[in-house]
Amino acid sequence: GRAPPAPPKPPATMGAASHLDCCGVQEKIDEIGFGPFQIVMLLMTGGLMCAEGSEVLVMGTITTLLKGHWELSAILRGSMVAIVFVGFAVGNIVSGYVGDRWGRRAAILLGYSMIACFGFLTGLAWHPAMMVSLRFCVGLGCGIGFPSVYSIIPELCPTPWRGAVSSLMIGFMPLGELYAALCVLSVDPDLASSLDQCDAYAHYPNLAKPSVCTWRTLCELSALPAFCFFTASAFCLYESPHFLAAQGRDQDACAVLNAMARMNGHASVFQSIAGGEVAAVATPAHKYTFAHALSKLWHPPLLQTTAFMILAHFCKDFSVFGLSYALPQFFHSLETVSVGVHLAIMACLAVPGVLIAFALTRTSFIGNITSIRLTSGGCALCAFGMLETTKDIVGAPCAFLAKSFAMAYFIVTVVYTAEVFPTEFRNTAVGLCTCFGRAGSTLAPLVFEISVEMTGGSFDHFLTILMTLMGTVSLTAGFALTIETKGKGLLDEDAEDRVFDASACPGYGAALRS
């Protein structure tokens, strides 16, 4: 990981040095408060969401050009998009080991590098099999990075700001989609340019002649955000002090806290940390193994939370990616505008959802569990308004609101998942839940197409399934989730069992809902 500034050497006096725990780290972060440090970390992690949004949207659009270039069947066209999600699911599992064993920062940098390199190389592909392989690797990079950015943001932020900063970070995804839409608008607005001179070795990189063989240009442009954010993160991204403390690397954790205090202008806090006496390397309570992490997740007291959050993540991906696939056809009137304009409109539809989630996470009297119930219920009700019986009356506004509520639900679900599991295997838990969520994003387009075919053009079957899934989450979350995380400290493994007795460390001891 990035070597943080060396901390002042602790004075060699007065007994044994103490060991930082997650509660002590969070108390210092809360004392330092929100400031420029968190803004920089937001940019370094949000870039991964931006890169993923750009890559996925461009790949979904250039299949139109590839169809003519390689004479692709429908199955191959679909595979080029779906393979990204398969790679994503595999990467989520890998991320658990990398992020909890080697650090959040290592997983994020690995994710950036894979998205950038393999994304750019897709512009060199000369055969469908090569394209599918490269897109799998892009998805693998996204999957490795996502659980770690979900985990590191709450571990770097003061308690009142955790959910809000996570909301803004996920909001970078529609920014990436908007960037991709602008690339399409500037290079080939209608995806109708000539496919002549598309030989892979003619003039690589294709950015040298962007108007020739535009699908190669779009592949290269979509990888540029990942290159830029990787470079910035290599210099500016710090490791999570919670992770460092859990690993027994107390001086490294204090060095990150010192940097946070300096950047946020809290010299007094910096002095109190610098003057503290901490162990250079302490022995962690549990050495991380993937098997141990899975064992803790699939046994009480975390079994019920794990099982429900897997369902919640399946629903979040089914709703967000399913609606992204369905709404272009639902808004049939948009067919008269260019593809690039249409893509820009779809990216903008996610922005209100980000704002809703931000407002919910900043409202102290609405807990994270309640936010999950409200946003999933809102999406289910709006999907009802899109049915054939009501479409002519309220169809258009309900479609807009359904997309907004689905995005808000996506965000608050991620916020809760990243906060409810212990630090020692938080990355593994988030990766596991996100992996199952990708099944929802993979199945949603298939379910939609089957629904349309069975009903002769109606979306009702798809919308009924969407309503059922989101309604189930809304009605059962209050019973299945027993730990409220808003306003509480992050949990470490030593306190995990005591949390359920309402006697964990200060800041998380009251986590049980009454």
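Let me start with Glu 484, which lies in the loop between α19 and α20, the latter covering residues 493–499, and let me say at once that what we are looking at is a predicted model. Is Glu 484 buried or exposed? Its relative accessible area is 13%, and because the cut-off for buried is under 20%, Glu 484 counts as buried. Its side chain reaches two backbone nitrogens: that of Asn 368, at 2.9 Å, and that of Lys 486, at 3.0 Å.

Asn 368 takes us to helix α16, which runs over residues 368–385. This helix has 18 residues and reaches 26 Å from its first C-alpha to its last, close to the 26 Å expected at 1.5 Å a residue. It is mostly covered, with 13 of its 18 residues buried.

Helix α4, residues 104–121, also has 18 residues, and it too spans 26 Å between its first and last C-alpha, close to the expected 26 Å. Among its buried residues are Ile 108, Leu 109, Tyr 112, Ile 115 and Phe 120, and also Arg 104 and Arg 105. As a reminder for reading such a list, an α-helix has 3.6 residues a turn, so residues three or four places apart point the same way.

Stepping back to the whole chain, there are 20 helices and zero strands. Buried residues make up 58% of the 514 residues. Of the contacts with a separation of 6 or more, 82% are between residues 24 or more positions apart.

Now to the aromatic rings: how many aromatic pairs does a search of the whole structure find? The search finds eleven. In one of them, Phe 88 and Phe 146 have ring centres 5.0 Å apart and planes at 85°, and because an angle over 60 degrees counts as edge-to-face, that is how this pair is classed. Phe 88 belongs to helix α3, residues 74–101, and Phe 146 to helix α5, residues 128–156, so that the pair links distant parts of the chain, 58 residues apart. Phe 88 is buried, with a relative accessible area of 0%, and Phe 146 likewise counts as buried at 0%.

A second pair to look at is Phe 318 with Phe 462, where the ring centres are 5.6 Å apart and the planes lie at 25°, so the pair is stacked. Here the link is between helix α13, residues 303–330, which holds Phe 318, and helix α19, residues 460–480, which holds Phe 462, the two being 144 residues apart. Both Phe 318 and Phe 462 are buried. They also belong to a cluster in which ring pairs link Phe 314, Phe 318, Phe 448, Phe 459 and Phe 462.

Some rings have a charged side chain over the face. Arg 438 lies over the face of Phe 88, at 3.6 Å from the ring centre, while Lys 316 lies over the face of Phe 410, at 4.0 Å from the ring centre.

Finally, a word on confidence. The chain averages a pLDDT of 82, and 79% of the residues score at least 70. Over residues 332–336, however, the pLDDT is below 50, and beyond near neighbours in sequence this stretch has two contacts in the model. Residues 494–514 also stay under 50, although the model has 52 contacts for them beyond four places in sequence. Where pLDDT is low, the predicted coordinates should not be read in detail.

Note on methods: Residues numbered from 1 in each chain as written. Predicted model: local features only at pLDDT ≥ 70, side-chain atom pairs only at ≥ 80, totals over all residues. Heavy atoms only, no water. Helix = DSSP H or I, 4+ residues; strand = E, 2+ residues; numbered from the N terminus. Expected span 1.5 Å × (residues − 1). Buried < 20%, exposed > 50% of the residue type's maximum accessible area, 1.4 Å probe, protein only. pLDDT = per-residue confidence, 0-100. Contact = heavy atoms within 4.5 Å. Phe/Tyr/Trp six-rings, centres within 6.5 Å; stacked < 30°, edge-to-face > 60°. Lys NZ or Arg CZ within 6 Å of the ring centre and 35° of its normal. Polar contact = N/O pair within 3.5 Å; in protein donor to acceptor, adjacent residues only side chain to side chain.
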